[in-house]
Amino acid sequence: MNAPQADTTREAPSGDHRATALTRRRFWQLAAAAVTAGAASLPAGRAAYAATATSAQDYFDKAAALAGDDPVLKSIVNALTAGYAPPRPPAPAPLRIFDNVGVVSVGFVSATAILTSRGIILIDALNNPDEAEQILVPGLRELGADPRTIKYVVVTHAHGDHFGGAQYLADRYGARVLMAPADWDLLASTAPANAPTRDLDIADGQRLCLGDTTVTLHHTPGHTPGTVSPIFPARRQHRTHTAMTWGGTNPPTATASKETYLSSILTFASRMRRAGVDVELSNHAFADYGLERLEELRAAPDGRDNPFVIGTSGAQRFMKVMENMLRGRIALDREAASGTSAASAATTEAGTAGCGC
């Protein structure tokens with residue numbers, strides 16, 4: 001998850017001035033009314049948008065209603081809200097969250113180890129070589145896993161907090177590093193620090209097999225051009241679940257890239273449904289209540305319920321919340337582009353009503 005960029009379309013809370021200030025919804029209602037009134041003078045495309053668009057706030061309200069009191073869903077609503085500033089929580093201790101799945105985290109970002117009968121498939125590699133050496137490798141040992149058996153490092157996207165330790169693991173243990181071609185190209189064009197040497201390309205829908213485990217890797221562009229989201233088995237108490245990790249959380253700045261992100265949500269949700277995904281994980285565990293769920297599981301490791309198992313319907317609800325948040329962010333962009341002058345006119349009209357002008 002790259003550092004969020006300021007989103008100037010987000011409004012500040014009204015605070016104690018609710019009686020005198022327009023609410024966000026009322027503001028956009030006035031703007032929409034003004035746009036509709038002036039639609040005849042707009043270009044055809046913008047007029048069609050003005051006549052048919054659902055407001056950004058309507059989408060956000062729908063996402064919030066879907067989330068209800070569920071802390072996981074409320075957390076992802078918050079993380080996808082314009083202007084969200086990611087926290088820097090303390091690092092939790094490593095933990096096996098399933099018999100074959102462990103998490104090593106520095107708080108802000110996590111690496112997920114899928115433990116197979118023939119070695120480790122690692123999803124992401126933390127921020128840099130030092131973290132790989134001093135946190136990731138000892139963390140795997142704490143999980144009872146031998147870092148010398150890391151066979152593959154799957155990089156979910158080309159940001160330093162996900163690929164930073166990959167080359168260290170390749171050099172020390174001979175691990176193969178995988179990334180989608182678009183993100184290998186992104187690294188080649190930007191040459192960031194600690195970028196791994198180009199190794200294996202990930203094809204959309206590729207099945208990565210190691211021992212008794214198959215991980216399916218899906219292209220989900222939007223956060224970056226080559227973001228990848230894996231689906232894999234998660235075993236606990238003699239039962240096999242199906243887990244997913246959404247590859248990149250923070251929505252991009254450009255509207256077109258947000259639209260790509262939304263398309264990826266819809267496609268991946270369909271693939272999740274077909275695969276029977278009932279476990280949701282994140283490589284940024286602050287964004288989905290994951291850090292709190294880690295501690296719940298640590299406190300009751302042999303408990304009947306695993307907080308990461310949210311059921312197939314819960315997994316689809318998670319994606320539906322994401323869908324509505326992205327639709328709202330796209331609508332917010334469009335409202336800012338097509339409704340600024342109309343909103344200004346509406347505000348001016350409201351301010352001059354009854355003045356005799």
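Helices (H or I, at least four residues) and strands (E, at least two) are DSSP runs, numbered from the N terminus. The model is predicted, so local features need pLDDT of at least 70 and side-chain atom pairs count only at pLDDT 80 or more, while totals for chains, interfaces and linings use all residues. Residues are numbered from 1 along each chain as its sequence is written, and side-chain values use heavy atoms, with hydrogens and water left out.

**View 1. Cavities in the whole structure.** A search of the whole structure finds 2 cavities of 30 Å³ or more. A cavity is a set of points, on a 1 Å grid over the protein atoms alone, where a 1.4 Å probe fits but cannot get out; lining residues have an atom within 4 Å of a point. A volume is the space filled by probe spheres set on the points, which are joined across faces, edges and corners.

**View 2. The largest cavity.** This cavity holds about 100 Å³ of space. Its lining includes Ile97, Val103, Asp288 and Phe308. Helix 10 (290–299) gives the largest share of the lining, 3 residues. By class, the lining has 6 nonpolar, 4 polar and 2 charged residues (nonpolar: Ala, Val, Leu, Ile, Met, Phe, Trp, Tyr, Cys and Pro; charged: Asp, Glu, Lys and Arg; polar: the others, Gly among them).

**View 3. The second largest cavity.** About 50 Å³ of space lies here. Among the lining residues are Ile76, Trp246, Glu280 and Met322. Strand 12 and helix 11 (311–352) each supply at least two of the lining residues, and strand 12 provides the largest share, 3 residues.

Terms used. 1 Å grid on protein atoms, 1.4 Å probe; cavity = no way out; pocket = protein on both sides within 12 Å on 5 of 7 lines; lining within 4 Å.
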